[in-house]
Structure formats: C-alpha cells, structure tokens
Amino acid sequence: MKGSLLDLFSRIAEAGHALVSAGAGRKNLGDSCAALLSGRGEATGLALARDILGRYAALDQAGKRAFFAEAAQSFGVDEGALKSAINAWRAAGGGDPRAIHLASEPRSRELIRRLNRAPGGTRALVAMRADLLRAASEDAALQALDMDFRHLLASWFNRGFLELRRIDWSSPAAVLEKIIAYEAVHAIDGWDDLRQRVAAPDRRLYAFFHPALVDDPLIFVEVALTDAVPAAIGPILAGERAALSPGLASVAAFYSISNCQAGLQGISFGNFLIKQVVEELQGELKGLKTFATLSPLPGLRRWAVAECGRGQAGMLTAPQRTALQALEAAGAAAADGAAAEILPEVAARYLIQAKTPRRASPLPLDPVARFHLGNGARLEWINAAADRSARGLENAWGVMVNYLYDLDAIERNHEAFANTGEVIVSARVRRLLKAH
C-alpha cells in the first residue's frame, strides 16, 4: 500500500512536469518558490516542488546560502494580512484569535509544507536543514528560518510516527551498513565488530525509524547485558570475551547512543528511545533489575584545562590544579596513580557545578549529562581510566560516567531537572565535591 501511494504521487508529479519544465529553467529558485506558494494545482505543485528540491541539491555551498538568505527575506510574515486580521479581531470586540495566529505564520512554513509533498520531500528537507544549520551558525539572520524548519520537523517526527526496531544480524545489509557509518560514540571496526554488537546473546541494538526515511535510522542505542554496572568500556567492546547468558543478566547498560540525521538536530528522540527500550527489555528478561549507562564526558578535559588557567578564580582546588598540570606536562593521557584519584573529583565539579552561560536557569555544561539528567537519570558514579581509546583520552583522560535510571524515580528526577535544573546525584558522587 505504501509503495502504491508513493507511485501515485510520482505519477502525479510526472504529469505536472511538462507544465513547469519550460518555465522553471528561466526562474531562479526564489521565483519558483513564489510560484509554488501561489499555485493551486496538485500536479503542477508536486512537479514544481520536486524541481525546486532537485535544483537546490545541485547548488554549491554558496548557492545554498544565497537561497536561504532569499527565503528568509522574501517569505516572512505577510504584515498586511496580519494587520487586517488584528483589525478584524478588534472590530469584532475580541473573541477567537485563531485568525490572527494563522495570519502571523511566516510564508516560509507553508513553503516547507509544499516542498514536503514532493516524492522524497521529507528526506530532502532533512538534508536541507543540515545545510541550513551550518549556514545559520555563521549568519544569525537565518536562525528564524531554522525555527520554521524545526517547528515543522518536530511535528512530522513526533513519537507517534516512530517505529522501534531491534537490529540484529538478520537485519537488511543496508541498515547494518548505516549503523556502522552512523556510530558516533565508539567506532565500529568493520563487520566482525558489528556482529559482536548485534548478534552476541548478551548484546542488543535498538533504533527508531520513520516511514518517510524507510531504512535510514534516526537514532539508535547499544545495550550490554551484564551482571554488574560496568566501570570501563574495554570489556564491553572486546572481541574475545565470554558472553553472558541473557537469563543471568541483572543489568542493562546503555553504552552508546548515536543520532543519525544531522538535519534533525534539536528534535529529541532519545528520551522516548530509552524508555521504550527499557520496556522491551523488561518484557523479554525478567531478571533485569538495574538500568544504567556508561557515558563519555566529551568536554571534561577542555573545561578542566581552562579552569586550571583561571587559578584561584576557577572551580578547581589548588591540589586538583597541581595534579592536572602535572598530568598535562608529562604528556600522560590516561589517569593512573594519583591522577586516578583526582580526576573523578574534577569530573564531579564539571558535571555538577559547570553550567551553560546566558540562561535564566543554567543547565550542566556537559551535553551528555543534560541528555540523561533531562530524561530522569541520576548521576551515579565516575570511573577513571574507563576509556583508553584515543578519543576517550583526548576528551576526558579516559574518564566515563554511570547514570542510573531508577524506574521509581525517573519522573520525579525529570521534573526536578526540568523545573529548576537540579542535578540529581548519588551520595558517593556528592562526597567527591568535598575532597581536597
């Protein structure tokens, strides 16, 4: 049925192609977008939308930025229509303000909607937003246009449209190849490594999919079934290891979460993913009692080095600064010996005290912490020398964190973090703040 409907849309677009092909070549993309907004015919609209998306995709980076600038300038709010709606509302003595709301919507949103009707339109718009995010990072005038994309994509990719799938060795090769390509936390070293992660009896991998992107995952999580909360990533990723019988597992450890679509940045799926995966695992394995993570600290080392430079004005104590400066001066990347004691203390300050600037309610500076704490997890423990990969050492001297998902406290923790930014912390992590 899905394929038949897509075929129908494609035939309608083909029927309208002849109606727009002669004029499209003479118009720039801005003129074509204006024509798309003013048109009413279904066939010509689909064909014109497909033509616009195809011509956009062929542009170089400068051409794409010029297109965004024109769209932002030319397809904003129709101020005349808005004033008329406000005057009509006032003349009627108030009442239902929805006409004002409709008139206040920028025309760029309707343009995005009409482009989405083209065959493959949703996929093309997700790719277009990835380009827009790069352009908007250098041109603040494009941020309003990105708000329009984000508003619509949040609706089109809401939880009701997402499908959770378990990925295993029998999944289509095209999906497995994308898992290798999209893994963003712990790189997958070829097919043998992937097989360990999806086919071993004590490993699971789940992903969210959307019908418009078919076999292209939006986000996926990798899970290790263990008998204890893990303190290091090496044993989880080891190729030669004794697999644990799933029935003996008491812990489900989420050790990697990867967002796959750059154009969906800011559209949150992770909270739904973790909660649904917990439900799936509970239904399959009754012996699971603990749900935790083994998570990276991508900004710890950069932050700590900067704090050392601030001296007494910074958040670190004198012994902590001395130990870190010695570690850096020696060129030692991993935390061993005395540094293994200091780094959890430093990481605790980073996770609990370092906040995002310029916010009414400051949040933790660390993006992974914001994600898990926002989902209702608790900062449970900090592990030194947990990730000896080049990336783990460069980002955090090998330090990793356990967040605990206590099913009885998730909602309460989430509310505390969402309302006040409170970081829910275990007692033993809290004690690290008092050291030195």
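Two strands pair if DSSP finds at least two bridges between them, and the legends below apply this criterion to a predicted model.

**View 1. Strand 4 and its two partner strands.** Strand 4 and strand 5 (residues 290-293) meet that criterion with four bridges and run in the parallel sense, while strand 3 (residues 219-226) is joined to strand 4 by eight bridges in an antiparallel arrangement. A253 of strand 4 is the bridge partner of A224, and A253 also stands opposite A292 in strand 5.

View 2. T122 belongs to helix 8, which spans residues 121-136. Its relative accessible area is 12%, and because buried means under 20%, T122 counts as buried. When neighbours within four places in sequence are left aside, the residues in contact with T122 are N116, F157, A212 and L213.

**View 3. The packing of helix 2 against helix 7.** Helix 2 (residues 29-38) packs on helix 7 (residues 107-116) at an angle of about 85°, the two axes lying 10 Å apart. Helix 2 is therefore roughly perpendicular to helix 7, since angles of 65 to 115 degrees are classed in this way. On the helix 2 side the contact is made by C33, L36, L37 and S38, which meet R107, E110, L111, R114 and L115 of helix 7. Sorted by class, this contact of helix 2 with helix 7 comprises five nonpolar, one polar and three charged residues.

Technical notes
Residues numbered from 1 in each chain as written. Predicted model: local features only at pLDDT ≥ 70, side-chain atom pairs only at ≥ 80, totals over all residues. Heavy atoms only, no water. Buried < 20%, exposed > 50% of the residue type's maximum accessible area, 1.4 Å probe, protein only. Contact = heavy atoms within 4.5 Å. Axes fitted to C-alpha atoms, helices over the stretch in contact; angles between N-to-C directions. Parallel < 35°, antiparallel > 145°, perpendicular 65-115°, else oblique. Nonpolar A, V, L, I, M, F, W, Y, C, P; charged D, E, K, R; others polar.
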